[in-house]
Each structure stands twice: as C-alpha cells, then as structure tokens.
Amino acid sequence: MSGICQGRVVAVTGAGRGLGRAHALAFAAEGAHLVVNDLGVGLDGTPDPASPAEQVVAEIRAAGGEAVAHGADIATTEGAASLIATALDTYGRLDTLVNNAGFLRDRMLVNLDEDDWNAVLRVHLTGHFLTLRHAAAHWRAQRAAGRTPDARVINTSSGAGLLGSVGQGNYSAAKAGIIALTLVAAAELARYGVQVNAVAPAARTRMTEHVFAHTMAAPDTGFDAMAPGNVSPLVVWLGSADSTGVTGRVFETEAGRITVMDGWRPGPTDDKGARRTPTDAGRTARALLAQAPPPEAVYGAR
C-alpha cells in the first residue's frame, strides 16, 4: 500500500467499531502501520465477549496492510503505557496517536449519579490524557536524543463539547475538556515536534444511531452523509506529514463538510476603570449582550 501515510505508525483507540474502525482502515489504505486498540465493551462500557480489534486487524491484513491488536484499557496508566509500548515493540516507532475511545451513560442532570459521571469522564477525558502523556514522553525522549519527531495527535471531541447536549452533561463536560486539553498539549508539545488537533465529528456510530435515529439513518440510495468513513479523510490528513504547520485547531466534520472552529474569542467589552455596583454591572452586561450574537442552540433542544 502507498499513500500520504506510507510507513507511518499510527495508534487508534476505540478502533474496533464506528469512527475508530473507519479511521484505522483509512490510515491503512494510505500506507500506515496500525495499532488497533479496543477494549471490546458494550455501548455503556460493560464487557463484551467479542474482539472487534482483532476483526479490524484481520480486515487490514486481508487488504495487504500491517496491523496489530491492542486490548488493554487506555483509561489506566498501565493500559495507556502498553499502547505506546505495543507500537514501539512491533514497529520500532510511533508517529500518530488518534484518541477516539468512548462510551455513553446518558441521564438528565437530576438523574445523573456520580458513578455515571465518573465513568464517562474517565474513558473520554482521562483516556485522552493518559495516552497523550505516554506518547508525549516518548517523543520528548526522541527529541532529547537528537531525533526530532514529526508526530501528530488527533483528539476526538463532539458538538456536545462545543455547544452542550441535553441529557449528556457528563459526555458534554468530557468533550469540552478534551478541547482544552488539545490546546494546552499543542502549545506544550510543539518544541518536541508534535502537532495536536481535535475533531468534532458527526457520524453514525453505536453512540448516535439510536439517540439521533432519524438523522443518522442510512439512505436507501445516494450519498450516505452519516457514514463514519466520511470523517476519516480529515483525520488521516491531520495524522500525516502533509499537515505540517497545523496545530492547536478544532475541526467540525460530517458528511462532506469541514469547519474550522473559532473557539472562545473576546466579544463586546466595556471597561469602567473602577469597581461597579451590582446594578451597574447588570446594566452593562445587558448592554453588551445586546451587541453580541445569540448563543448557538444546545444539542437536543433545537
């Protein structure tokens, strides 16, 4: 196989199904060697006897590519470290990390208990942090040894992390945290030759096909706008050497659309130069809000 990722070593978490599987197959089609991570759990994080990672590896090898499965829990220090070690032990290097693993435990806030809150933040946010930390330590060591990496990290956020999503307080908070982590990592790791970006995809996966059943349904004919493979080309490009100079960015992507997100930027402002009274602060806030565009609608409440 040849392509824009020829010879690059790519680790993809949560790659047994949905978006992760699509990413792994797309990277392999562009010549990458894959570490396919998947814990093999159900939609809510409970154990699943199947081994989807092995199935994806078999698909890649059948198409003439190279891949190895990794089944550890990347939301643990040991599991995240072993993901990086698997890439190094198998291929001798790691060039690209795609953080994609996650699951849902949706509840309205008044029904959301601490276990469901912690479980979702653990897999999404802590899972991103731990793999990123161990990969970054490897790349820093490479830089210290005089071998500057040309490394890439692609994190996975969501429209829920950008705008919030009714019934998904835990998921929205985790995905918003991933955006902030991406910005910090991009700034901190640039000196080591690492670029860090995030995507906020919309596609048909186990996490969306029931929640947004009508929107995510595949058409009988024509372009399948919600197919997860539509997201993968951007992820593959971000994970390739071709994306040189692109870092600290967040992209929304679905179907054939790609949007660069602007993030938080200062809007209307007023500086009195002295302490305000509460009444004055409120009057000023309302005047500024009248000059600002209205916020985007929260997902699920449009």
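Predicted model: local features only at pLDDT ≥ 70, side-chain atom pairs only at ≥ 80, totals over all residues.
Okay, so 46% of the 302 residues of this protein count as buried, where buried means under 20% relative accessible area, exposed means over 50%, and partly exposed is in between, all with a 1.4 Å probe and protein chains only. Residues are numbered from 1 along each chain as its sequence is written, and side-chain values use heavy atoms, with hydrogens and water left out.

So, the overall layout. The protein has nine helices and eight strands; those are DSSP runs, with helices being H or I of at least four residues and strands being E of at least two, numbered from the N terminus. Now contacts, by which I mean heavy atoms within 4.5 Å. Taking contacts between residues at least 6 apart in sequence, 70% of them join residues at least 24 apart.

Let's look at two helix pairs. Start with helix α1, residues 18-29, and helix α2, residues 52-62: their axes are 10 Å apart, and they pack at an angle of about 25 degrees. The axes here are lines fitted to C-alpha atoms, for helices over the stretch in contact, and the angles run from 0 to 180 degrees between N-to-C directions. So α1 and α2 come out as roughly parallel to each other. On the wording, under 35 degrees is roughly parallel, over 145 is roughly antiparallel, 65 to 115 is roughly perpendicular, and the rest is oblique. Who does the touching? On the α1 side you have Arg21, Ala24, Leu25 and Ala28, and on the α2 side Val56, Glu59 and Ile60. By class, that contact of α1 with α2 has five nonpolar residues, no polar ones and two charged. For the classes, Ala, Val, Leu, Ile, Met, Phe, Trp, Tyr, Cys and Pro are nonpolar, Asp, Glu, Lys and Arg are charged, and the others, Gly among them, are polar.

The second pair is helix α3, residues 77-91, with helix α4, residues 114-144: the axes come within 8 Å and cross at roughly 45 degrees. That angle makes α3 oblique to α4. This crossing, α3 past α4, is right-handed. From α3 we have Thr77, Ala80, Ala81, Leu83, Ile84 and Leu88, and they meet Leu130, Thr131, His134, Ala135 and His138 in α4. The class count for α3 with α4 is seven nonpolar, four polar and no charged residues.

While we're on α4, have a look at His124, which sits in that helix. Is His124 buried or exposed? His124 counts as buried, because its relative accessibility is 0%. Its side chain makes a polar contact of 3.2 Å with the side chain of Lys175. A polar contact, by the way, is a pair of N or O atoms within 3.5 Å; within protein, one must be able to donate a hydrogen and the other to accept it, and residues adjacent in sequence count only if both atoms are side-chain atoms. Leaving aside neighbours within four places in sequence, His124 is in contact with several residues, including Phe103, Tyr171 and Ile178.

Next, Ser240, in the loop between α8 (232-238) and β7 (250-254). Ser240 is buried too, because its relative accessibility is 0%. Its side chain reaches the backbone oxygen of Trp237 at 2.8 Å. Not counting residues up to four places away in sequence, Ser240 touches Ile4, Cys5, Arg8 and Arg152.

Gln195 is in strand β6, residues 194-202, and counts as buried because its relative accessibility is 10%.

Two last spots. Ala255 lies in the loop between β7 and β8 (257-260), and has a phi near 50 degrees, a positive value in a residue other than glycine. And Glu66, in strand β3 (residues 66-70), is partly exposed because its relative accessibility is 42%. Glu66 and Tyr91 are 25 residues apart in sequence and 9.8 Å apart in space, C-alpha to C-alpha. Okay, that's my tour.

Terms used. Left-handed = near helix turned anticlockwise from the far one by under 90°.
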